[in-house]
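Please look at the chain shown here and follow its course slowly from one end to the other.

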Amino acid sequence: MGDHKEQPLRVGAAVRRRRRALELTLAVVAERSGLSVPFLSQVENDRARPSQTSLEKVADALRTTAVELLAAADPACSVDVVRADPTEPGPQPQVRSLVRGHHQMHASEFTGDHEAGREFQYRNDQLMYVADGAAEIEAEGRAYRLGRGDTLYLTGGVRHRWRATVPDTRVLVVAVAEHIEALRDRRR
């Protein structure tokens, strides 16, 4: 009782709104994401829940992030409790949003490894905190090895990639929301 929602989050409407705002067809999003038109239609109509990997592909095709799509799918609340997932972590990497709704801050928990070759670049600042295990983050030509309790701060616009280096690693990522413009024009 007192928790915001008990229902699983449905991202279909947020995906459809974003696609229509960009004036894209399902076929274009399918081509950009490598996913099928029927699957994308099912996602938009909440008849299928995309995996984290599929959601990231859709987000990339829509020139946004999975976090932004999740935030747009869930209304903001002034007070919200996000409960821990009671299921045991499986062999597949998992991501869990720690802040629901369209807020000035996003926080996600990544468990296990993920697509290590994927490069990220966020418009705004972010902080990475290793809650358990260890991770390696590559940014600006350097590799940073982080262990339990270590943090890494990245200024907005810094391209980076990361990977878990031991099983059952948990990384928390806290960032200024993408819809908030916090990055000044930085010449490279």
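What follows moves from the overall layout to the helices, then to the strands, and then to the pairs of charged side chains.

This is a predicted model, in which local features need pLDDT of at least 70 and side-chain atom pairs count only at pLDDT 80 or more, while totals for chains, interfaces and linings use all residues. Residues are numbered from 1 along each chain as its sequence is written, and side-chain values use heavy atoms, with hydrogens and water left out.

The secondary structure of the protein chain comes to five helices and eight strands, where helices (H or I, at least four residues) and strands (E, at least two) are DSSP runs, numbered from the N terminus. Read from the N terminus on, the elements run α-α-α-α-α-β-β-β-β-β-β-β-β. Of the 188 residues in the protein chain, 38% are buried; here buried means under 20% relative accessible area, exposed means over 50%, and partly exposed lies in between, with a 1.4 Å probe and protein chains only. A contact means heavy atoms within 4.5 Å, and among contacts between residues at least 6 apart in sequence, 67% join residues at least 24 apart.

Turn now to the helices. Two packed helices are described by the angle between their axes and the distance between the axes. Helix H4 (residues 52-61) and helix H5 (residues 66-73) pack at an angle of about 95 degrees, with their axes 8 Å apart. That makes H4 roughly perpendicular to H5, because angles of 65 to 115 degrees count as roughly perpendicular, those under 35 as roughly parallel, those over 145 as roughly antiparallel and the rest as oblique. The axes are lines fitted to C-alpha atoms, for helices over the stretch in contact, and angles run from 0 to 180 degrees between N-to-C directions.

Which residues bring H4 and H5 together? On the H4 side they are Gln52, Leu55, Glu56, Val58 and Ala59, and these meet Ala66, Leu69 and Leu70 in H5. By class, this contact of H4 with H5 has six nonpolar, one polar and one charged residues, where Ala, Val, Leu, Ile, Met, Phe, Trp, Tyr, Cys and Pro count as nonpolar, Asp, Glu, Lys and Arg as charged, and the others, Gly among them, as polar. The buried residues of H4 are Ser54, Leu55, Glu56, Val58, Ala59 and Ala61, and what covers them includes H1, helix H2 (26-33), H3 and H5. Just after H4, arginine 63 takes a positive phi of about 55 degrees.

The strands come next. Strands of a sheet pair through backbone hydrogen bonds, either parallel or antiparallel. In this model three strands form an open sheet in the order S5-S4-S7, and the pairing is antiparallel; two strands pair if DSSP finds at least two bridges between them. The edge strands are S5 and S7, each of which pairs on one side only. S4 and S7 pair in the antiparallel sense over five bridges, and alanine 135 stands opposite alanine 164 in S7.

Phenylalanine 110 lies in strand S2 (residues 105-111), and at 15% relative accessibility phenylalanine 110 counts as buried. Leaving aside its neighbours within four places in sequence, phenylalanine 110 is in contact with Gln94, Val95, Trp162, Thr169, Arg170, Val171 and Val173.

The charged pairs remain. Side chains of opposite charge can pair when their charged atoms come close. The structure holds 10 salt bridges, a salt bridge being a side-chain nitrogen of Lys or Arg within 4 Å of a carboxyl oxygen of Asp or Glu. In one of them, glutamate 44 pairs with arginine 19, and the closest N and O atoms are 2.6 Å apart. This pair links distant parts of the chain, with glutamate 44 in helix H3 (residues 37-44) and arginine 19 in helix H1 (residues 12-21), 25 residues apart. Are these two residues buried or exposed? Both glutamate 44 and arginine 19 are buried.

Another salt bridge joins the side chains of arginine 148 and aspartate 132 (3.3 Å, N to O). Arginine 148 lies in the loop between strand S5 (142-147) and strand S6 (151-154) and aspartate 132 lies in strand S3 (residues 126-132), so the pair ties together parts that are 16 residues apart in sequence. Arginine 148 is exposed, with a relative accessible area of 63%, whereas aspartate 132, at 24% relative accessibility, counts as partly exposed.
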